[in-house]
Amino acid sequence: MERAKLILSQFALAGFLSVSAEGVDEAALREEAQKVFDEKVAPFVKKYCTSCHGSRAKAGINLASALKNPGGESASLHWKKAVANVKVHDMPPEDSSKKPTDEERLQFIKWVGKVKYLSKRDPGQFVIRRLTKTEYANTLRDLYGVDTSIADSLPEEVAGEGFLNSISSLQSELFLGIANKVVEQIMASKGKGLTANQKRLFGEELSKGTDPYKAARGVASSLARDAYRRPPTDAELDVLVDVYELARKNKLNHTEALGLMLKAVLVSPQFLFITPAGEPKSKESIVLLDDYQLASRLSYFLWAAPPDAALAALADEGKLHKPEVLRGQVARLLKDKRSRALFDGFGAQWLRVNDLDRRVFDPKTFPQMTTILRKSMMEEARLFFESILSENQSVARLVDSDYTFVNEPLAKVYGLDQSVLGSKMRRVKLTNPNRGGILGMSATLASTSFPNRTSPVLRGVWVLEQILGERVPPPPPDIPELEEQARSEVEGLTLRQRTELHQSEATCRNCHKVLDPIGFGLENFNAIGQWREKNDEGLAIDSAGKLPNGKSFSTPAELKGLLAQREADLARNLTERLMSYALGRQLEGYDDVVIDQLMVKIAKNHYRVRDIITEVVTSYLFTYRRIKG
Amino acid sequence: MKMTNSSHMDRRTFLKGAGVSLALPFMDSLTSAAASARPPVRLAFMYMPHGVIMDQFWPDNQDAFLNSPPPIIKSLQPVMDQCLMMKGISGVPITPFKGAPHALELSTWLTARLPNASTRGRINIAISADQIMANYVGAQTSLPSLELATMPQTWKENQEGLHEAYYSHCSYRSPTQPVPAEIDPRNVLTRLFGKRGKAGKVTKSNPLDRQMLDRVLGGARDLRRTLAKVDQDKLDEYLDSVRSVERRIAAIESRQQEAALEKAGVRSSKRDASDSPPIEVKIPEGDKRSEYMQVMCDLTILAFQTDTTRVSTYIGSRPNGASYPELGFSNQHHSQTHYGNDQEKIRKVAAINELNVAQYAYMVKKMHALKEGEGTLLDNCIMMWGSGLEDGNKHRRDNLPFILAGKGGGALKTGRFLSNIKGNQGDLLTTLLSCVGVPLDRPIGISTKLINEIKA
């Protein structure tokens with residue numbers, strides 16, 4: 001493989017190395033990429049694309065600026081979109097005067113693949129971000145022993161709007177209100193002895209002769225170490241002691257004054273935001289994350305919770321960044337029950353099942369979609385995801401497996417032969433090859449349907465984008481939806497025939513001939529994932545089809561089998577998504593080069609899911625940050 | 001305005017009735033309150049996406065408007081003399097973003113501007129009309145503005161590469177800061193008006209909180225210095241919100257002071273003894289969309305009635321995603337709006353339009369029945385209902401549907417249908433802000449003039 005030759009082993013943590021053990025050097029790659037770009041990519045783009053996608057940026061694709069700075073951060077998204085459109089013959093449009101040959105298209109796609117080598121070596125900045133609602137609640141739970149429901153009043157985050165996270169006037173005092181509650185719960189009522197929590201956080205009662213301000217500074221230091229996830233600076237301690245003083249001067253006793261100090265900690269941006277620790281002294285523009293940042297990044301990635309004592313100790317000792325230590329910590333954190341956050345925060349969103357409890361299903365068609373059933377569906381998805389992870393199975397098993405988790409309501413939906421009673425979820429061996437894996441699972445099948453019917457198009461897009469990581473060009477504006485086809489035109493036709501009608505339009509055909517076969521391959525599953533032989537109109541379902549690579553299938557089981565063979569694509573998609581989640585940013589530019597390198601390592605042991613997580617955590621992108629430029 | 005000594009007794013009774021403990025009408029100082037005999041003017045915006053079925057929305061003429069309104073606006077008939085409709089307000093031309101009609105219908109609605117095309121992947125548009133008003137009058141109430149919506153935005157799409165939050169936000173505090181809307185009525189009720197069942201007990205603010213926050217803000221300056229520009233912006237957003245908490249505590253303290261003065265027999269409120277008591281708000285138990293919309297309308301009324309805020313937005317529903325099972329069909333709103341010649345779809349869209357206007361009518365009628373000062377609560381408000389598209393079928397924006405209700409303290413002349421207005425969305429917003437007394441240093445968005453025809 002060409003990619004294998006390019007790989008720089010141990011590159012991720014080597015930091016300054018630009019020449020690998022195999023002797024491939026980045027400068028040479030860059031030079032070659034520049035040559036390919038100048039001689040091939042640029043002429044293609046100028047010939048076929050820029051008359052529309054120049055600086056006017058039609059459909060948000062601006063190739064003029066991408067031509068100017070092809071390796072720039074913002075360019076990579078434009079290249080990816082361009083490739084997606086060219087690949088499915090969606091662009092240039094049918095009516096354009098100049099159209100590339102199939103051979104030219106393939107070449108273009110191949111060349112653009114090299115553009116990433118033009119990007120400068122760059123791990124990206126460490127972007128500060130506010131704790132999510134879940135992270136915030138978990139942090140309060142772990143540090144102060146309160147129940148996570150204490151944060152229930154915070155608004156839900158809108159997925160994908162991570163960097164917005166703005167707060168309205170109405171919401172702005174929530175953090176203060178919650179801080180109040182936390183302090184209330186920690187403090188003993190007047191006249192009673194100290195609570196255990198109080199002792200742990202504030203120390204024993206002030207003994208005679210102790211300087212209260214000195215004691216307060218000591219408490220401030222330990223509170224802030226945990227809450228800010230790093231040792232506080234002197235200036236930060238001054239602020240907290242100031243708050244203590246304010247309380248004392250207003251006739252609060254020592255313990256009450258410490259309570260106000262804790263409240264100040266809890267509304268401080270150092271607590272609510274994951275921030276870099278101070279200004280690094282280095283003259284370099286790229287530095288290793290310090291161990292405190294690394295500990296936070298790791299624990300919020302795998303647990304959505306703050307570093308525990310063991311991680312904090314490793315950070316204090318300055319050992320955490322060592323690759324073998326980091327690997328050990330990944331394994332340890334994943335064994336802890338807090339790691340279910342990885343499904344709740346990542347897995348559920350990735351599989352798009354996160355809003356299953358709120359989705360509308362037509363109550364007449366699907367009266368069984370009760371809260372209990374929806375919860376059971378989510379549980380199945382979670383337990384399955386976690387089993388793949390804890391057993392370190394291959395990504396292929398995510399798509400095609402011979403077991404799942406069910407309870408009685410779910411077993412009914414699946415029509416299982418085995419007798420499954422009660423609401424408890426249990427692992428069952430499946431004999432029906434159409435089930436098993438995320439494509440035969442009711443949570444995902446229901447999440448990709450309309451309230452009253454299936455949507456082969458949504459399912460097709462879901463498989464391509466979420467599972468295989470391909471980019472599907474968006475539909476052109478103002479397109480009619482399926483339901484708008486005149487009645488006379490569609491009478492007696494199956495959904496497939498109706499959708500194929502849709503494919504007769506030039507503007508639709510190119511994308512739909514890729515999407516639809518996959519979606520129709522899953523038509524035997526109705527809008528909540530039940531098996532059926534006939535569609536809503538009573539016509540027999542034909543689930544046969546062909547993938548773009550020419551391989552054909554005739555049942556959902558065969559479709560799953562074909563998709564499971566694409567291990568490298570499945571693994572790359574999962575790796576990219578995990579990386580993006582871990583870093584809290586989109587991947588661009590140089591990131592692709594790093595992912596290439598990770599894929600070689602991950603491939604060696606059959607693309608196992610826990611290996612993927614370990615490689616993400618020990619990667620250059622996870623462990624370094626850019627501080628200048 | 002009558003001043004009676006029994007007013008503070010009455011107030012206590014009101015509070016008990018509504019479960020209100022925190023949001024007493026707020027006032028700057030005793031003198032200003034005594035001087036201002038007129039109740040404040042408030043402004044509210046309520047949204048429905050995807051436009052209307054035009055021929056079932058617009059009346060043929062003035063007489064039809066008052067006496068035989070078309071089906072979609074029929075629910076307003078009893079209060080039509082309190083309403084004002086004007087035909088001929090065009091939307092922002094979206095030419096450079098032709099493929100993004102739905103990403104832009106809500107986000108251009110109160111900004112009357114297009115997003116910045118070169119940074120479309122991020123939010124960069126303009127401050128919205130409601131937030132301009134909040135900047136001007138917000139300091140006089142405990143909440144500068146109120147933002148409500150019926151449900152979370154579940155639709156994800158980057159039309160024309162635009163950030164998906166353009167789909168779901170109409171309020172922008174600054175070009176880059178969309179204001180999220182609250183969707184849980186219980187949260188709003190608790191936070192605006194304290195916990196139910198504890199009517200007598202005023203939520204006490206800790207007197208030291210304000211000074212504590214002040215120190216935290218001071219300390220954050222050091223942290224800020226170590227951050228990159230883009231990170232500073234993020235931090236500032238939080239620090240701004242801490243500052244607004246400080247201000248809200250100040251408002252509460254001032255209100256407590258007011259209450260103490262009243263106890264001592266000093267009359268201090270601008271609330272008239274003959275004003276209607278604050279309305280009771282019931283949180284619906286089921287999941288009927290119309291009931292959820294009504295409770296949000298009730299919360300708007302209560303917030304205005306208690307002068308908790310003077311400007312609010314309410315996204316009755318967001319583009320795409322919403323369905324209305326109570327109307328007897330489960331199709332999503334958007335899927336029906338590209339109706340072509342399909343009569344069945346036209347019927348469904350009209351039914352959805354009618355349901356939305358009916359909730360607005362519910363709010364307006366209720367406000368018209370509440371006494372305030374010399375007239376009704378509605379007399380002192382401007383309640384605007386509308387959509388960012390004229391018609392969802394073809395995404396037209398030449399003739400946006402708007403309804404105004406309320407006289408805005410005498411600024412608007414209601415009971416009229418103006419069939420031939422020439423102006424745009426920015427003109428309308430600019431005019432409305434002028435009606436509620438907000439001075440502008442420049443017109444809003446694409447505005448070029450005032451629409452004086454709507455004024456009294």
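Me: A crossing is left-handed if the near helix is turned anticlockwise from the far one by less than a right angle, and right-handed if clockwise. In this predicted model, is the crossing of H12(A) and H13(A) left-handed or right-handed?

Reply: Helix H12 (residues 234–249) and helix H13 (residues 254–267) of chain A pack with their axes 8 Å apart, at an angle of about 140 degrees. That angle makes H12(A) oblique to H13(A), because only angles over 145 degrees would count as roughly antiparallel. As for its hand, the crossing of H12(A) and H13(A) is right-handed.

Me: By class, how many nonpolar residues are in the contact of H12(A) with H13(A)?

Reply: From H12(A) come A:Leu240, A:Val243, A:Tyr244, A:Ala247 and A:Arg248, and they meet A:Glu256, A:Ala257, A:Leu258, A:Leu260, A:Met261, A:Ala264 and A:Val265 in H13(A). Sorted by class, this contact of H12(A) with H13(A) has no polar residues and 2 charged ones, while the nonpolar residues number 10.

Me: In which hand of crossing, left-handed or right-handed, does H3(A) pass H6(A)?

Reply: The axes of helix H3 (residues 26–48) and helix H6 (residues 102–112) of chain A come within 10 Å of each other and cross at roughly 130 degrees. H3(A) and H6(A) are therefore oblique to each other. The crossing in which H3(A) passes H6(A) is left-handed.

Me: By class, how many nonpolar residues has the contact of H3(A) with H6(A)?

Reply: H3(A) brings A:Val36, A:Lys40, A:Val41 and A:Phe44 to the contact, and H6(A) brings A:Glu104, A:Gln107, A:Phe108, A:Trp111 and A:Val112. By class, 1 residue is polar and 2 are charged, and the number of nonpolar residues in the contact of H3(A) with H6(A) is 6.

Me: Which helix of chain A gives the most to the side of domain 2 that touches domain 3?

Reply: The domain assignment divides chain A into domain 1 (27–118), domain 2 (129–274), domain 3 (281–335 + 568–629) and domain 4 (349–564). Over C-alpha atoms, the centres of domain 2 and domain 3 of chain A are separated by 29 Å, and their contact takes 11 residues from domain 2 and 8 residues from domain 3. With 6 residues, the helix that gives the most to the domain 2 side of this contact is H7 (residues 133–144) of chain A.

Me: By class, how many charged residues has the side of domain 2 of chain A that touches domain 3 of chain A?

Reply: The domain 2 side of this contact is made up of 11 residues. By class, that side has 2 nonpolar and 4 polar residues, and its charged residues number 5.

Me: Does A:Gly71 count as buried or exposed?

Reply: A:Gly71 is placed in the loop between helix H4 (63–68) and helix H5 (75–87) of chain A. Leaving aside its neighbours within four places in sequence, A:Gly71 is in contact with A:Val115, A:Leu118, A:Ser119, A:Lys120 and A:Gly589; A:Leu118, 47 residues away in sequence, is 4.7 Å away in space, C-alpha to C-alpha. Because 21 C-beta neighbours lie inside 10 Å, A:Gly71 counts as buried.

Me: As what does A:Asn392 count: buried, exposed or partly exposed?

Reply: A:Asn392 lies in the loop between helix H19 (371–390) and helix H20 (395–399) of chain A, and its phi is near 45 degrees, a positive value in a residue other than glycine. Because it has 17 C-beta neighbours inside 10 Å, A:Asn392 counts as partly exposed.

Me: And does A:Tyr607 count as buried or exposed?

Reply: A:Tyr607 also has a loop position, between helix H29 (591–604) and helix H30 (609–617) of chain A. Although A:Tyr607 is not a glycine, its phi is positive, at about 50 degrees. Because it has 23 C-beta neighbours inside 10 Å, A:Tyr607 counts as buried.

Me: How many of the 9 residues of helix H5 (residues 129–137) of chain B are buried?

Reply: The buried residues of H5(B) are B:Ala129, B:Asp130, B:Gln131, B:Ile132, B:Met133, B:Ala134 and B:Val137. What covers them includes strand S1 (42–47), strand S5 (172–174), strand S7 (311–315) and helix H12 (425–435) of chain B. H5(B) is thus mostly covered, and its buried residues number 7.

Me: What percentage of the 456 residues of chain B count as buried?

Reply: Chain B has 12 helices and 13 strands, and among its contacts between residues at least 6 apart in sequence, 73% join residues at least 24 apart. Of the 456 residues of chain B, the part that counts as buried is 53%.

Note on methods. Residues numbered from 1 in each chain as written. Chains lettered and ligands numbered in written order. Predicted model: local features only at pLDDT ≥ 70, side-chain atom pairs only at ≥ 80, totals over all residues. Domains from an automatic or database assignment. Contact = placed C-beta atoms within 7 Å. Helix = DSSP H or I, 4+ residues; strand = E, 2+ residues; numbered from the N terminus. Nonpolar A, V, L, I, M, F, W, Y, C, P; charged D, E, K, R; others polar. Axes fitted to C-alpha atoms, helices over the stretch in contact; angles between N-to-C directions. Parallel < 35°, antiparallel > 145°, perpendicular 65-115°, else oblique. Buried ≥ 20, exposed ≤ 12 C-beta atoms within 10 Å, placed from the backbone.
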